[in-house]
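Subject: Structure for your review

Dear colleague,

Please find below the structure that I am handing over to you.

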Amino acid sequence: MDFTEVKSVVLLFLTVFSVPCPFRMAFSPNVANLTAWYFPDDDEIVQEKPARPHMTDKKVSQKQLADFGVLAAEVKQPKSWDEDTNLQEIRKNRGYQSHDTVDCSSLSDDTKVKFFTEHLHVDEEIRLITNGIGYFDIRDPEDKWIRIRIGTGALIILPPGIWHRFCVSEEDGCLKAVRLFTNEPKWTAYPRDGNSLEGIAFNCYS
Ligand SMILES: *[C@@H]1O[C@H](CO)[C@@H](O)[C@H](O)[C@H]1NC(C)=O
């Protein structure tokens, strides 16, 4: 085969096998209802009123989030999320066979405090927002807080071992979410003691 022939074979191969490519479609760095920013340095102000945005102009792109292992996808019809082909692909590829739903209007105060206490899980945390707006706060590899604002139609996957916390935004308190999981989720929350990085058993950055 000469060079031209090789080139056409390669091109043919690419055409046949790369379209459609479900892996390419599945996650996106341009999810409409997901934005992120670094917090102001003083976390005590945030702790006092967690449901406020506490926005800064230090934006974090979805590409940067992906570098920290945080993946996102968009579900265009969140009410009929079960029929979304892209999400079906993600569920199949990652073994998310089960799900349940949470409605934050029925969460107890204790549960809210637990959600907003910094913690980690040994499994991924997968959430699809079907109504309202919530905040996932995660630590970057340098232990700085990033706030992720996530609203209706956005799916987020936090990697195992990332320190995080969650609260419902005051912008829209009626948050509903679908929690996706493999058959046996290990949802034990390991709270972070003090502020040291010691004791991170499962940290995804290391
Ligand atoms: C994001 O979600 C909120 C709350 O449901 C909704 O009001 C808003 O229209 C959504 N924005 C986009 C860009 O989809």
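How do the residues of the shell around the ligand divide into nonpolar, polar and charged? The shell holds one nonpolar, four polar and one charged residue. Please note that the model is a predicted one.

Ligand surroundings

The residues around the ligand are N33, G132, I133, G151, T152 and D172. Three of these residues place an N or O atom by an oxygen atom of the ligand, as follows:

- N33: a polar atom of its side chain is 2.4 Å from a ligand oxygen.
- T152: an N or O atom of its side chain lies 2.4 Å from a ligand oxygen.
- G132: a backbone N or O atom lies 3.4 Å from a ligand oxygen.

On its own, the ligand has 360 Å² of accessible area, and the protein covers 49% of this.

Largest pocket

The volume of the largest pocket is about 300 Å³. Its lining consists of 17 residues, and those nearest the centre are F115, H121, E125, R127 and R179. Two or more lining residues come from each of α6 (109-116), β6 (125-131), β10 (164-168) and β11 (176-181). Of these elements, β6 gives the largest share, with three residues.

I would be glad to receive your comments.

With kind regards

Definitions and conventions:
Residues are numbered from 1 along each chain as its sequence is written. This is a predicted model: local features need pLDDT of at least 70, side-chain atom pairs count only at pLDDT 80 or more; totals for chains, interfaces and linings use all residues. Side-chain values use heavy atoms; hydrogens and water are left out. A residue is near a molecule or strand if one of its heavy atoms lies within 4 Å of it. A polar contact is a pair of N or O atoms within 3.5 Å; within protein, one must be able to donate a hydrogen and the other to accept it, and residues adjacent in sequence count only if both atoms are side-chain atoms. Accessible areas come from the Shrake-Rupley method with a 1.4 Å probe; for residues, only the protein chains shown count as cover. Ala, Val, Leu, Ile, Met, Phe, Trp, Tyr, Cys and Pro count as nonpolar, Asp, Glu, Lys and Arg as charged, and the others, Gly among them, as polar. On a 1 Å grid over the protein atoms alone, a cavity is a set of points where a 1.4 Å probe fits but cannot get out, and a pocket is an open set with protein on both sides within 12 Å along at least five of seven lines; lining residues have an atom within 4 Å of a point. Grid points are joined across faces, edges and corners, and a volume is the space filled by probe spheres set on the points. Helices (H or I, at least four residues) and strands (E, at least two) are DSSP runs, numbered from the N terminus.
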